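Trainee: Please show me how to read some features of this structure.

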Amino acid sequence: MNGEKYEGTELHLHVTGSIGAALVPWWIHWLRELHPDLVVNVSVTPAASRFLAVRALRHLANGTVWTDAWDDPDVPPEVNAGRSGGSECFVVFPATLDTVMRLAQGRADSPALLMLQVTDAPIVVADTFPGTNEIVESHLRTLELRPNVAFAPRVNGVRASDRSSAEVGFNLPGALGVANRMRKEGRSGE
């Protein structure tokens, strides 16, 4: 699969609890194949760990891999400063409706949400929403007010529940393109 090459040296994937999380190991393998020198850090919500094995990600990613829970001993201390190693950007992949709503509300009730709330680095949201309404749209508009938040381009996908077609933002190549543009434009929260 071709894709835009990420132009940085380190990034962070935050994996949330969509069934799409089951595909993340393949995407990390793809990312590392396309960018052999790229350092990939990963945080995984407890809900996402129902769909993938954090232990497997530790073998696929070459950066820090941790579970998004305060009691995980592998949570790096720099999350309190909005950092993850030397990551130049964050990609929430896949981004569930719950995670995006919590991010828009300013919640910081997990290490990764705290990190995303206080970072000034670019954040790209690759969503897997089951649908939308006025409340969801309101929260998306709130996030769009943050200069360091953008959304991955939507692509045609297939719903896991009934195999119907749907547009989703679960698009890592598109997310990397957005991250590159944000970094070139100097888009940060400063």
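Trainee: Is Trp27 buried or exposed?

Mentor: Buried means under 20% relative accessible area, exposed over 50%, and partly exposed in between, with a 1.4 Å probe and protein chains only. Trp27 has 11% relative accessibility, so this residue counts as buried. This is a predicted model, where local features need pLDDT of at least 70, side-chain atom pairs count only at pLDDT 80 or more, and totals for chains, interfaces and linings use all residues. Residues are numbered from 1 along each chain as its sequence is written, and side-chain values use heavy atoms, with hydrogens and water left out.

Trainee: Which ring does Trp27 pair with in strand 4?

Mentor: Rings of Phe, Tyr and Trp (its six-membered ring) pair if their centres lie within 6.5 Å; planes under 30 degrees apart count as stacked, over 60 as edge-to-face and the rest as tilted. The partner is Phe93: the ring centres of Trp27 and Phe93 are 6.1 Å apart and the planes stand at 90 degrees, so this pair is edge-to-face. Helices (H or I, at least four residues) and strands (E, at least two) are DSSP runs numbered from the N terminus. Trp27 belongs to helix 1 (residues 24–34) and Phe93 to strand 4 (residues 90–95), so the pair ties together parts 66 residues apart in sequence. Phe93 is buried, at a relative accessible area of 0%.

Trainee: How many aromatic pairs does the structure hold?

Mentor: There are 4 aromatic pairs. In one of them, Trp26 and Trp27 have ring centres 4.8 Å apart and planes at 85 degrees, so they too are edge-to-face. Trp26 is partly exposed, with 46% relative accessible area. One aromatic cluster is formed by Trp26, Trp27, Trp30, Phe93 and Phe170.

Trainee: What is the volume of the largest pocket?

Mentor: Rolling a probe the size of a water molecule over the atoms shows where empty space is left. On a 1 Å grid over the protein atoms alone, a pocket is an open set of points where a 1.4 Å probe fits, with protein on both sides within 12 Å along at least five of seven lines; lining residues have an atom within 4 Å of a point. A volume is the space filled by probe spheres set on the points, which are joined across faces, edges and corners. Here the largest pocket has a volume of about 450 Å³. Its lining has 19 residues, and Ile19, Val158, Arg159, Ala160 and Val168 are the closest to the centre. Strand 7 gives the largest share of that lining, 4 residues.
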